[in-house]
Amino acid sequence: MKTKVTLTTLYKMKQAGDKITALTAYDYPFAARVDAAGVDMILVGDSAAMVVQGRTTTLPITMDEMIYHTSLVSRGVQRAMVVGDMPFMAYQADPREAVRNAGRFLKEAGATAIKLEGGAAVCDVIKAVGDAGIPVQAHIGLTPQSVHQMGGYKVQRDEDRLMSDALKVQEAGAFSVVLEGIPAGISETITKELRIPTIGIGAGPACDGQILVLHDMLGLNTGHLPKFVKKYAELATAADTAISRFVSDVKGGAFPADEHCY
């Protein structure tokens, strides 16, 4: 049995300078592959709205849908920490509602922790959820649920505000913080200042860990990719080729062949 990644594991990794690896996943087969590869943290992101559902933003995905995806991922994981992403309006209205929704990720979906977006404005929620015994990962900088308020997906450069947000979410009890769309120098300063691990996405190499959207790094997303994405495979091309061969074989009578028949 593999040793499970815990909060203590992540704290020790930060202290030792060992980089934390994180990827998104939304279903059982990919979660199993990500876990087997040794990734430390799997985020079941609300990015499922765009990656899996074909939406243009993360806003439409629901709590029930997030619970469903997280439960699929949890079944495929033995070692990695599974973090469920709180969707838009699952925590903004009332801290008590936030606690109930956060609890569902652990009770119904098998997650270890939850993530929510925002800095100082959500510290009361972070504290309430943490007080209920639920580990909380914060997320500052470019926060996709605020896309309309920000006027698009824009790099965030206000160092004073970002540092203040980072310190406040740490004080509120967050065990980690995602830094998204932040210049590398600012992220480095924040990472050195915080006791808790920082996980970067478009935030430079100095963060304690890095996360990417799985479908982006595997080349399954054929649309626009942010500058920070590095593609490690071209699975969309491989899939197109394989499916085209299947169509050709069936049309031409080459499949099924004798070896595929009973």
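Of the contacts in the protein chain with a separation of 6 or more, what share comes from residues 24 or more positions apart?

Mentor: The share is 58%. Contact means heavy atoms within 4.5 Å. The model is predicted: local features need pLDDT of at least 70, side-chain atom pairs count only at pLDDT 80 or more, and totals for chains, interfaces and linings use all residues. Residues are numbered from 1 along each chain as its sequence is written, and side-chain values use heavy atoms, with hydrogens and water left out.

Now the core. A nonpolar core is a set of buried Ala, Val, Leu, Ile, Met, Phe, Trp, Tyr and Cys residues joined through side-chain atoms within 4.5 Å. Buried means under 20% relative accessible area, with a 1.4 Å probe and protein chains only. The largest core holds 58 residues. Met86, Ile114, Leu116 and Ile126 touch the most other members. Helix H8, residues 159-172, gives the largest share of this core, 5 residues. Helices are DSSP runs of H or I, at least four residues, and strands are runs of E, at least two, numbered from the N terminus.

Look at Ile114. Leaving out residues up to four places away in sequence, Ile114 touches Val83, Gly84, Met86, Ala102, Phe105, Leu106, Val129, Ile134, Pro135, Val136 and Gln137. Another core lies apart from the largest one. That other core has 15 residues, among them Val83, Val178, Ile199 and Ile201.

Step back to the whole chain. The protein chain has 11 helices and 8 strands. Of its 262 residues, 48% count as buried. In soluble globular proteins, nonpolar side chains tend to be buried together.

Technical notes. Buried < 20%, exposed > 50% of the residue type's maximum accessible area, 1.4 Å probe, protein only.
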